[in-house]
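Have the sequence and the 3D view ready.

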Amino acid sequence: MIKGIIFDFDGLIFDTETLQYQVINEIFQENGSELPLSRWQEEIGTHTGFMPFQYLEKQINRKVNQQELERKFNDHFQAKLAVEKARPGVEDYLKEAEQLNLKIGLASSSNFKWVSNHLKQLNLYEYFQCIKTSDDVEFVKPDPALYVKAAQCLGLKAEECLVFEDSANGALAAKKAGMHCVVVPNDVTRAMDFCKVEHKLTSMADVSLKELLGIVDIR
């Protein structure tokens with residue numbers, strides 16, 4: 001029986017991933033190149049140390065002012081984030097989870113400052129009883145540690161948790177942790193090869209949480 005839900009953050013609650021790719025790729029295009037979506041997908045939901053503007057230099061076979069491009073990226077990215085809202089259905093699921101007396105947690109490969117600041121900006125921070133981030137583990141997703149720690153924090157067994165993820169790395173982490181998982185891909189993760197999960201949604205706005213719990217329990 002599902003007693004708690006655990007959300008990813010980037011790309012699932014707040015679609016930073018699509019915005020980040022769009023801004024970086026615009027800079028690549030301005031410099032006569034393109035960042036392949038397949039290459040960017042390797043970075044989603046984890047940390048690999050990928051340096052996009054070093055990659056750009058290799059693509060165009062010349063040096064660029066990486067600091068200047070970083071500043072440009074940060075300015076444009078922050079401007080887009082400032083007007084972005086939570087993905088459709090997210091707050092409805094959080095409200096419904098409270099009504100169903102489910103425990104609510106979050107597990108993110110990003111750091112706590114990033115996650116908490118944006119949750120507060122979105123007026124969603126108070127919904128979460130437990131937040132685990134890269135600050136709490138040695139290895140981020142696809143390692144299961146974040147989800148294991150989130151479940152422990154909520155006082156739940158792995159099989160009592162339903163995870164919501166948007167990325168292949170995140171879904172793999174949830175399944176490695178022994179949890180149920182529903183994927184809700186965004187524009188840059190939709191074409192990813194996901195491991196076997198309980199269900200896949202186009203949007204949380206498509207089905208209520210109560211209905212989804214029935215689907216997951218049946219399967």
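We begin at C181, which is buried because its relative accessible area is 0%; buried means under 20% relative accessible area, exposed means over 50%, and partly exposed is in between, using a 1.4 Å probe and protein chains only. C181 is in no disulfide, and the nearest cysteine sulfur, 6.5 Å away, belongs to C195. For a disulfide, two cysteine sulfur atoms have to be within 2.5 Å. C195 is likewise in no disulfide, and with a relative accessible area of 26% it is partly exposed.

A word on how to read these values: this is a predicted model, in which local features need pLDDT of at least 70 and side-chain atom pairs count only at pLDDT 80 or more, while totals for chains, interfaces and linings use all residues. Residues are numbered from 1 along each chain as its sequence is written, and side-chain values use heavy atoms, with hydrogens and water left out.

Now for the cysteines that do pair up. A disulfide is a covalent bond between the sulfur atoms of two cysteines. The structure holds 1 disulfide, and C130 and C153 are its partners, with 2.3 Å from S to S. C130 lies in strand β3 (residues 130-132) and C153 in helix α7 (residues 145-154), so the bond ties together parts that are 23 residues apart in sequence. Here helices (H or I, at least four residues) and strands (E, at least two) are DSSP runs, numbered from the N terminus. The torsion about the S-S bond of C130 and C153 is about 125°, so this disulfide is right-handed. C130 counts as buried at 3% relative accessibility, whereas C153, at 40%, counts as partly exposed.

Next, let's turn to the rings. The structure holds 10 aromatic pairs; rings of Phe, Tyr and Trp (its six-membered ring) pair if their centres lie within 6.5 Å, with planes under 30 degrees apart counted as stacked, over 60 as edge-to-face and the rest as tilted. One of them is the tilted pair of F28 and Y55, at 6.3 Å centre to centre and 35° between the planes. Elsewhere, F7, Y93, F128 and F164 form one aromatic cluster.
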